[in-house]
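User: I have some questions about the salt bridges and a few of the secondary structure elements. Can you go through them with me?
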Amino acid sequence: MTGGSLFSDRAGFHVRAGRGGHGGLSFRREKYVPKGGPDGGDGGDGGDVVLVADPSLRDLSSLRRRHRIDAGNGGGGGSARKHGARGEDVELRVPVGTQVFEGDELVADLAHPHARAVLARGGRGGRGNARFVSSTRQVPRFAEVGMPGEEHEVELRLKLLADAALVGLPNAGKSSLLARISNARPKVAEYPFTTLRPVLGTVEAPDGRQLVVADVPGLIEGASEGVGLGHEFLAHLERARTLVHVLDSSKPLEPQWETIDAELSAYGAGLDVLPQIVVLNKIDLGPPPPFEVEDDRVLAVLAVSCATGEGIEGFRRRLFSLVPEPGPAEAPDEEELADFLVYRPRAKARPWSLLRTGRGFRVTGTPPSNEELERALREAGARKGAEVEIGDESFELA
């Protein structure tokens, strides 16, 4: 199990889908057919950038150092109506619970194993000149340029999917407790905020059942307003099914419990209604005072010493009886999954087209701006001096 400093719950990068391949501009050339008809094939669509939720992954560390991710471009259309190959997709595997943000907007939420979300769609391949034959246009001497792929700046944020999450004030002993009951080895020291990144531990029962327990940074007053590690910490609790509330038994208990409970309530998102197991730690320093909070959410109050190990085995056994087993999760069908996962509407088709001709390029429709037209021409390979036709007018690219 990795230590807390290696856990990555955020990653940001630029994604660009592949551009569509250009349509072919060619004519049939055979020994006995000197003036064959147009036979340019269509360009292939550009590849997509796709996220896939992998239940075997636990964090986003594999993506932390990637700043730009590009999918493959579509192949150009060839002669004899041969279509270009589709560009290669890029699949990025991320943990279940990964959310995708573009700015402050949530655009995808991969809450189920094997869920998929398209971050950037590949551009459409251009049509070859064979597609433009009509009763009034027998020999089209132009073909369509492939469309550029989508581009986005995205940030991935991971919300842990844990059976139980440890909460408590800094230095209450949460990291020590996790190290005692699981395979996790978090950094432990006698000062607040030892845990700067979440740590996941797996607790195993004799019958083979496993629980995933998360230790996340310690809370301080004002965390629900973003003070200290604030929102980053609280967001990780939203998908836990039970909270393990660790208190320092060498100090007054009720003020500690009330401080954390107030932050959970202020943050919202259902944290204030989750069941809690209260653990009184540090009983090696003296007998714990009675815990006198009356609250229906408190399932049990257990006393332990992480320093000596007293009460740890009993707590581990009770954990399995108190944390409910997850109900059978029904995976949504693909249509429901797509509707749920991807909130960004598909980009509208460009209201104009760029065609490649024997002499240069032709524009159909009305480009929204000269800047977009010039960018599209450059991306299509137009060089200085290329002839560009718009309606009845033409000009040379400067």
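Analyst: A salt bridge here is a side-chain nitrogen of Lys or Arg within 4 Å of a carboxyl oxygen of Asp or Glu. This is a predicted model, where local features need pLDDT of at least 70 and side-chain atom pairs count only at pLDDT 80 or more, while totals for chains, interfaces and linings use all residues. Residues are numbered from 1 along each chain as its sequence is written, and side-chain values use heavy atoms, with hydrogens and water left out.

User: How many salt bridges does the structure hold?
Analyst: The structure holds 23.

User: Which residues are linked with Glu91 in a network?
Analyst: Asp54, Arg93 and Arg116 are linked with Glu91 by salt bridges. Within that, the side chains of Glu91 and Arg93 meet at 3.5 Å, N to O.

User: Is Arg297 buried or exposed, and what does its side chain meet?
Analyst: Arg297 counts as buried at 16% relative accessibility. Buried means under 20% relative accessible area, exposed over 50%, and partly exposed in between, with a 1.4 Å probe and protein chains only. The side chain of Arg297 meets that of Asp295 in a salt bridge of 2.8 Å, N to O. Asp295 is partly exposed, at 24%.

User: Switching to strands. What does S5 pair with?
Analyst: S5 covers residues 98-102. Strands are DSSP runs of E, at least two residues, and helices are runs of H or I, at least four, both numbered from the N terminus. Two strands pair if DSSP finds at least two bridges between them. S5 pairs with S6 (residues 105-110) in the antiparallel sense over 5 bridges, and 4 bridges join S5 to S9 (residues 151-158), also antiparallel.

User: Which bridge partners can you name for Thr98 and Gln99?
Analyst: Thr98 has Leu110 in S6, and Gln99 has Arg157 in S9.

User: What is in the turn between S5 and S6?
Analyst: The two strands form a hairpin with 2 residues between them, and Gly103 in the turn has a positive phi of about 70 degrees.

User: Why is S5 described as largely enclosed?
Analyst: Because 4 of the 5 residues of S5 are buried.

User: Now H6. Which residues are buried there?
Analyst: Leu373, Ala376 and Leu377 are buried in H6 (residues 370-379). They lie on the same side of H6, because they cover an arc of only 100 degrees around the axis, taken from the directions from the helix axis to the C-beta atoms.

User: What covers them?
Analyst: The cover includes strands S16 (352-357), S17 (360-365) and S18 (387-390).

Key:
Contact means heavy atoms within 4.5 Å.
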